[in-house]
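Work through the exercises below with the sequence and the model in view. Each task is followed by its solution.

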Amino acid sequence: MVVKTRDKFIEVARQLFARKGVENTTMNDIASASDKGRRTIYTYFKSKRDIFNAVIESETDQLLGRLRHIVAQPTSPEEKLMDYVDCRFEAMKEIVSRNGSLRAGFFRDVRKVDRARKIITKKETALLCEILREGVEKGVFEISNVNHFAVVVTQAIHGLDVPYIRDNLSEEGIDKSMLKKYISEWIVNSIRKK
């Protein structure tokens, strides 16, 4: 019951944040829309920031699940890496578009973006490390420091989230599919054993 109540608060908050924006949603709004009292919501979350972080964590858990599925596939490390990049961009775009007006306020506040990324970055990097290590072990990739390389690649992909989601590079003649292809090729070709 405890988990269900907490999950309900998170989903209701996500919907309200998406519709009204984080700034315009109160803890009272979330409690009321959940058919619970304000006291009940404060049993689970200390503040709106806590519930916002829980919403972000819930959304990123879905992304991580999709990435874990790719890591577990019986495909080559190169294919996994390319699928990983493709999935990562698409899943992040879906998360942002599903959350409506949350995205506008979210992208304006760099601190919110950084807090949300801290929740997922280490987990994403660990999954990427699994693919890279597999490639090194199979003699397909040559990487001097897998952990460092995974950190750099993860940060590079994060840096392209907004341009990908907003399709900002289309004015340069680079559509979303081309961007994913170029990033995948850049990563794979830079580490492929010669």
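**Exercise 1: a charge and a ring**

Find the ring over which the charged end of Lys 176 sits.
Solution. The charged end of Lys 176 sits over the ring of Tyr 164, 5.2 Å from the ring centre. A charge counts as over a ring if NZ of Lys or CZ of Arg is within 6 Å of the ring centre and within 35 degrees of the ring normal.

The model is predicted: local features need pLDDT of at least 70, side-chain atom pairs count only at pLDDT 80 or more, and totals for chains, interfaces and linings use all residues. Residues are numbered from 1 along each chain as its sequence is written, and side-chain values use heavy atoms, without hydrogens and water.

**Exercise 2: an aromatic pair**

Classify the pair formed by Phe 17 and Phe 52.
Solution. Step 1: the structure holds three aromatic pairs; rings of Phe, Tyr and Trp (its six-membered ring) pair if their centres lie within 6.5 Å, and planes under 30 degrees apart are stacked, over 60 edge-to-face, the rest tilted.
Step 1: the centres of Phe 17 and Phe 52 are 6.1 Å apart and the planes stand at 55°, so this pair is tilted.
Step 2: Phe 17 belongs to helix H1 (residues 2-20) and Phe 52 to helix H4 (residues 48-72), so the pair ties together parts 35 residues apart in sequence.

**Exercise 3: the whole chain**

State how many helices and strands the protein chain has.
Solution. The protein chain has 10 helices and zero strands; these are DSSP runs numbered from the N terminus (helices H or I, at least four residues; strands E, at least two). Buried residues make up 44% of its 194 residues.

Conventions. Buried means under 20% relative accessible area, exposed over 50%, partly exposed in between (1.4 Å probe, protein chains only).
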